[in-house]
Amino acid sequence: MSGIRPTGFLHLGNYFGAVRNYVRMQEEFECYFMVADLHSLTTHPDTKELKTNVHRVLSENIACGLDPDRVALFCQSHVYETAELYLYLNMLAYKGELEKTVTFKDKVRQHPENVNAGLLTYPVLQTADIILHRASYVPVGKDQEQHLEMARTFANRFNHRYGDVFPEPQAFNYGDELVKVPSLDGAGKMSKSENQYATLYLSDNDKLIMDKVKKAKTDSGPTEPNSPKPEIIQNVFSLMKLVSGQDVIDKFETDYNNCTIRYGDMKKQLGEDMVKFIGPIREKAESIRNNPAYLKEVMEKGAEKARKSAAATMELVREAIGLNYF
Ligand code: TRP
C-alpha cells in the first residue's frame with residue numbers, strides 16, 4: 001500500500017524513486033495505490049485545482065505502467081471507511097507525540113496561520129490508509145520514515161488494547177536498487193525544487209527536455225587520462241545510466257578516460273535519450289487525461305476494490321473495539 005499526494009507534476013526522481021517500484025510490486029503482491037486527496041486538504045484548503053491534479057496524478061501513474069486492472073488504484077476520499085478508522089485511531093494517538101513529528105513542525109513553521117487539527121493528525125490518517133488494508137509493505141522514500149514508525153506505533157497500540165487485528169507495516173524498497181536521480185544543476189537530487197530547470201518532468205515537451213539537458217552543469221573536461229570524475233560530471237553519467245544504452249555509456253566513458261570527451265555531444269545524446277524515454281510516457285499520460293470517462297471507470301473500479309478490503313477490516317475493528325451491540 002502506498003499513497004501519492006496529488007500536488008505537482010511527476011518528475012524523473014519520482015519515477016525512478018517510487019513509481020517504478022510500484023510497477024514492479026504489482027507483479028508480486030496484492031497492491032493498493034491511493035491518491036491522497038484528503039491529506040492535501042490539510043495544507044491546500046483551496047480545492048479549485050484538486051480535480052485537475054487528481055486526474056493528472058492518476059494519468060501519469062498509469063502511463064508509467066501501473067495497471068488499474070491489476071492493482072487497486074483509487075482515491076482516498078472514495079473510501080469512507082478511512083474516516084471511520086481515522087476516528088478510532090485518533091483516540092490512540094497522543095497530542096505530545098503528534099506535536100513532535102518533524103513534518104508537523106515544518107508545516108507549522110511554513111504556515112503558522114493554518115495549524116489545523118488535521119495537520120496535527122496527518123500521521124494518524126496515513127496510518128488509517130495503510131492498516132485499513134492490513135498492509136505489510138509500504139513503498140515510501142526516506143522522508144516518510146517517521147510517519148511509518150508512527151503507523152507501527154498506532155497499529156501496535158490498537159493490537160495491545162483491543163486484540164490482534166493489524167500486521168506491523170514496514171517500509172519497502174528493492175534494496176540495492178535505490179537509485180539517486182541527480183539534479184541537472186549539480187546540486188542534490190531532482191525534486192520539486194525552486195529551480196524548475198534542474199528537474200525533468202514527465203510532462204516536459206521534447207524541446208524543453210533537450211534545453212534543460214543542454215544547460216546541465218559540466219566543466220572544462222579532464223586533463224589527465226583516467227582521472228576520477230568530479231561530482232557534476234558523475235551526475236551526467238548517472239543520468240545517462242538511467243536512460244541510455246550500454247554502448248553509448250561505454251563510448252563516453254572511454255572518451256572521458258582518453259580526455260577526448262565533448263560534453264556538448266554527451267548532453268545532446270543524453271537529451272535525445274531522455275526524449276525517447278519521457279516522450280511516450282508524456283503522450284500516454286496526455287491521452288489518458290483527455291479521457292475522463294476512462295478515468296472515472298478507473299476510479300470506480302479502484303474504489304470498489306479498496307472498499308471491499310476496507311469493509312472486511314472494519315468488521316474486525318468494530319468487533320475488536322466492542323462496538324457490537326446486537
Ligand atoms: N504522506 C505521504 C507523502 O507525503 C502520502 C501518503 C498518504 C501515504 N497516505 C499514505 C504514503 C499511506 C504511504 C502510505 O508522500
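Which residues in H1 are buried? The close-ups below, all taken from a predicted model, start there.

**View 1. Helix H1 and its buried residues.** Helix H1 covers residues 12-28 and spans 24 Å from its first C-alpha to its last, close to the 24 Å expected. Its buried residues are Leu12, Gly13, Tyr15, Phe16, Val19, Asn21, Tyr22, Val23, Met25 and Gln26. They pack against S1, S2, helix H3, strand S4, helix H11 and helix H13. Look for Val19 in particular: a kink of about 35 degrees in H1 is centred there.

**View 2. A three-strand sheet.** Here's an open sheet with the order S1-S2-S3 and parallel pairing. S1 (2-4) and S3 (72-75) sit at the edges with a single partner strand each, so one side of each has no neighbour in the sheet. S1 pairs with S2 (residues 32-35) over three bridges, and Ser2 stands opposite Phe33 in S2.

**View 3. Glu27 meets Arg70.** These two form a salt bridge, with their closest N and O atoms 3.3 Å apart. Glu27 belongs to helix H1 and Arg70 to the loop between H3 and S3, so the pair ties together parts 43 residues apart in sequence. Glu27 is exposed at 52% relative accessible area, while Arg70 is partly exposed at 46%.

**View 4. Arg282 and its partners.** Arg282 forms a salt bridge with Asp206, the closest N and O atoms being 3.0 Å apart. Salt bridges with shared partners join Asp206, Arg282 and Glu283 into one network.

Definitions and conventions:
Residues numbered from 1 in each chain as written. Predicted model: local features only at pLDDT ≥ 70, side-chain atom pairs only at ≥ 80, totals over all residues. Heavy atoms only, no water. Pairing = 2+ DSSP bridges. Helix = DSSP H or I, 4+ residues; strand = E, 2+ residues; numbered from the N terminus. Expected span 1.5 Å × (residues − 1). Bend = angle between axes of the 7 residues up to and from the residue. Buried < 20%, exposed > 50% of the residue type's maximum accessible area, 1.4 Å probe, protein only. Contact = heavy atoms within 4.5 Å. Salt bridge = Lys/Arg side-chain N within 4 Å of Asp/Glu carboxyl O.
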